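Please keep the structure in view while reading.

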Amino acid sequence: MLALERSRVVVAGLGVSGRAARAALVPRAASVTTVDRDADDADVADLVDLADVDVVVASPGWAPTSPLLERARRAGVPVWSEVELAWHLRVDRADGTGPAPWVAVTGTNGKTTTVQMLESILAAAGLRTLAVGNVGTPVVEAVLDPHLDVLAVELSSFQLHFTRSMKVLAGAVLNVAPDHLDWHGGMDNYVADKARIFRGAERACVYSVADGRTRRMVEDADVGEGAHAVGFTLGAPGPGELGLVEDVLVDRAFHLPVDDPRRHGSADELATLADLAHLAPQAIPPHIVQNALAAAALARAAGVPAGAVAEGLRAYRPGAHRLAPAGTLDGVHFVDDSKATNAHAADAALRAFGPASVVWIAGGLAKGATFDDLVAARRDRLRAVVVIGVDATPVTEALARHAPEIPVVRIAPGETDVMRSAVVAARELARAGDTVLLAPACASMDQFRSYAERGDAFAAQVRALISAPGSAAPQE
């Protein structure tokens with residue numbers, strides 16, 4: 001293992017994780033050099049003499065094909081993620097029991113919801129914990145806190161790509177759908193990076209019964225001795241699974257020791273759908289239930305008692321821009337799901353609503369994605385569609401092919417206030433009882449700085465519309 005106290009380190013990228021890596025390294029490494037320029041700038045690579053470098057710590061935005069990282073690979077210089085660095089820097093807990101274990105989540109969608117549910121459940125069990133990683137606090141900061149009992153870690157495929165040493169107590173892959181394929185160089189590479197979360201797992205590898213790719217990841221993983229595959233399902237769970245029996249979340253994986261003869265004929269009740277009712281404006285969407293089951297599985301792998309699951313789920317409050325109610329005007333509900341930055345996430349959002357009841361605000365930076373499957377599957381939910389984004393073609397062409405009868409309004413990319421125009425157009429298309437849903441299925445950076453800014457703009461325009469005098473009632 002690399003001895004950091006004798007190492008010369010380059011930190012590539014000074015975003016949140018890069019700054020945290022630098023702060024952790026400065027008092028520990030022999031030298032720290034930072035590079036904060038465009039990752040695709042070939043001049044950056046020329047500025048760094050890799051003969052004097054022992055390791056490069058790369059921020060998530062730096063793709064493996066960036067010139068500096070390509071040069072490091074050819075020179076045999078290790079490239080680490082901030083997560084890999086964090087694994088090397090873990091400190092013992094204050095009670096002397098060694099470093100805090102990690103329970104970790106990845107997947108194309110639902111990571112943040114699941115890891116925050118997990119944090120809430122762990123806290124309900126009396127554990128000192130923190131949701132870290134892709135969700136907010138860098139992992140490298142959290143591992144230096146000796147007072148934490150367990151870390152709830154959200155990991156993106158970017159972070160996992162350059163992570164090699166990590167061995168989680170339990171890991172989960174929620175789902176896998178095409179995303180960020182330009183960064184990874186194809187679907188096979190994307191799947192392989194997600195699967196890294198299971199490598200060396202000590203107690204449990206949690207997968208989706210409905211997503212065969214996640215099961216195959218577990219089957220192919222080189223796990224620790226004694227680690228078990230644990231599925232979660234919206235149906236009745238089989239042995240070794242968590243699932244749903246009527247309105248009860250049930251555990252048939254961790255309820256008894258694996259050698260107990262009573263194991264196959266019994267289960268633990270963890271929570272009910274009523275414990276999730278505060279998380280959705282109408283019926284609880286299936287993906288919310290799946291997230292809760294995955295969080296429960298990880299918490300149970302960490303030794304949490306059954307009773308803490310319901311308590312933790314009731315206490316959990318979602319972050320902004322995830323099916324967040326933005327207001328109601330004359331019977332029309334406005335919901336912000338700006339976090340739906342790909343087709344898979346938008347599909348989950350649309351499924352939460354009834355037939356012909358959604359005016360969908362979609363579009364943005366498509367990242368090379370197509371939307372035919374999404375439109376074909378969810379056309380029954382649509383009253384109308386308002387399309388934003390500099391390049392609306394991927395969305396409008398999918399609508400023309402699979403839902404030609406659905407009214408579509410295109411907001412010109414040159415509009416001074418694109419979100420105001422979108423909200424006003426959606427309001428005019430909606431009827432009483434409908435939902436105007438911002439679930440763009442695209443990234444935001446063509447017209448906004450982030451999905452959060454996009455969601456904030458939507459909510460602000462909804463508030464302005466509600467407070468405007470003389471707003472016309474929607475048609476019946």
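## Helices H16 and H17

A helix axis is here a line fitted to C-alpha atoms over the stretch in contact, and the angle between two such axes runs from 0 to 180 degrees between N-to-C directions. The model is predicted. In it, the axes of helix H16 (residues 418-429) and helix H17 (residues 451-467) come within 9 Å and cross at roughly 55°. An angle from 65 to 115 degrees would count as roughly perpendicular, and one under 35 degrees as roughly parallel. H16 and H17 are therefore oblique to each other. H16 passes H17 in a right-handed crossing.

On the H16 side, the contact is made by Met419, Arg420, Val423 and Arg427. On the H17 side, the residues are Arg454, Ala457, Phe458, Gln461, Val462 and Leu465. Sorted by class, the contact of H16 with H17 has six nonpolar, one polar and three charged residues.

## Helix H5 and its two partners

Helix H5 (residues 111-124) crosses helix H11 (residues 286-301) at roughly 45°, and the two axes come within 8 Å. That angle makes H5 oblique to H11. The crossing of H5 with H11 is right-handed. H5 contributes Thr113, Thr114, Met117, Leu118, Ile121 and Leu122 to the contact. H11 contributes Ile288, Asn291, Ala292, Ala294, Ala295, Ala296, Leu298 and Ala299. By class, the contact of H5 with H11 has 11 nonpolar, three polar and no charged residues.

The axes of H5 and helix H12 (residues 306-315) come within 7 Å and cross at roughly 125°. H5 and H12 are therefore oblique to each other. H5 passes H12 in a right-handed crossing. Here Met117, Ser120, Ile121 and Ala124 of H5 meet Ala308, Val309, Glu311, Gly312, Leu313 and Ala315 of H12. The contact of H5 with H12 has seven nonpolar residues, two polar ones and one charged one.

## The nonpolar cores

In soluble globular proteins, nonpolar side chains tend to be buried together. Which residues have the most contacts inside the largest nonpolar core? They are Met117, Leu118, Leu122, Val206, Leu242, Leu249 and Leu313, in a core of 44 residues. H11 gives the most to this core, with 11 residues. A second, separate core has 43 residues, including Ala29, Trp87, Met166 and Val218.

Leaving out residues up to four places away in sequence, Leu122 touches Val103, Leu127, Thr129, Val150, Ala152, Ala299, Ala302 and Val304.

## Two residues with positive phi

Most residues other than glycine have a negative phi, and most peptide bonds are trans. Glu246 is not a glycine, yet Glu246 has a positive phi of about 55°. Glu246 is found in the loop between strand E11 (241-245) and strand E12 (248-251). Is Glu246 buried or exposed? With a relative accessible area of 74%, Glu246 is exposed.

Asp330, also a residue other than glycine, has a positive phi near 50°. Asp330 is in the loop between strand E14 (324-329) and strand E15 (332-336). The relative accessible area of Asp330 is 39%, so Asp330 is partly exposed.

## Single residues and distances

Leu329 is in strand E14. At 8% relative accessibility, Leu329 counts as buried, because the cut-off for buried is under 20%. Leu329 and Gly98 are 231 residues apart along the chain, and their C-alpha atoms are separated by 55 Å.

Val223 lies in the loop between helix H10 (212-220) and strand E10 (228-232). Val223 is partly exposed, with a relative accessible area of 30%. Val223 and Glu202 are 21 residues apart in sequence, and 6.8 Å apart in space from C-alpha to C-alpha. Not counting residues up to four places away in sequence, Val223 touches Phe198, Gly200, Ala201 and Cys205. Asn189 has its place in helix H9 (residues 187-195). Its relative accessible area is 38%, which means that Asn189 is partly exposed. The C-alpha atoms of Asn189 and Ser157 are separated by 9.7 Å, with the two residues 32 residues apart along the chain.

Technical notes
Residues are numbered from 1 along each chain as its sequence is written. This is a predicted model: local features need pLDDT of at least 70, side-chain atom pairs count only at pLDDT 80 or more; totals for chains, interfaces and linings use all residues. Side-chain values use heavy atoms; hydrogens and water are left out. Helices (H or I, at least four residues) and strands (E, at least two) are DSSP runs, numbered from the N terminus. Angles under 35 degrees count as roughly parallel, over 145 as roughly antiparallel, 65 to 115 as roughly perpendicular and the rest as oblique. A crossing is left-handed if the near helix is turned anticlockwise from the far one by less than a right angle, and right-handed if clockwise. Contact means heavy atoms within 4.5 Å. Ala, Val, Leu, Ile, Met, Phe, Trp, Tyr, Cys and Pro count as nonpolar, Asp, Glu, Lys and Arg as charged, and the others, Gly among them, as polar. A nonpolar core is a set of buried Ala, Val, Leu, Ile, Met, Phe, Trp, Tyr and Cys residues joined through side-chain atoms within 4.5 Å. Buried means under 20% relative accessible area, exposed over 50%, partly exposed in between (1.4 Å probe, protein chains only).
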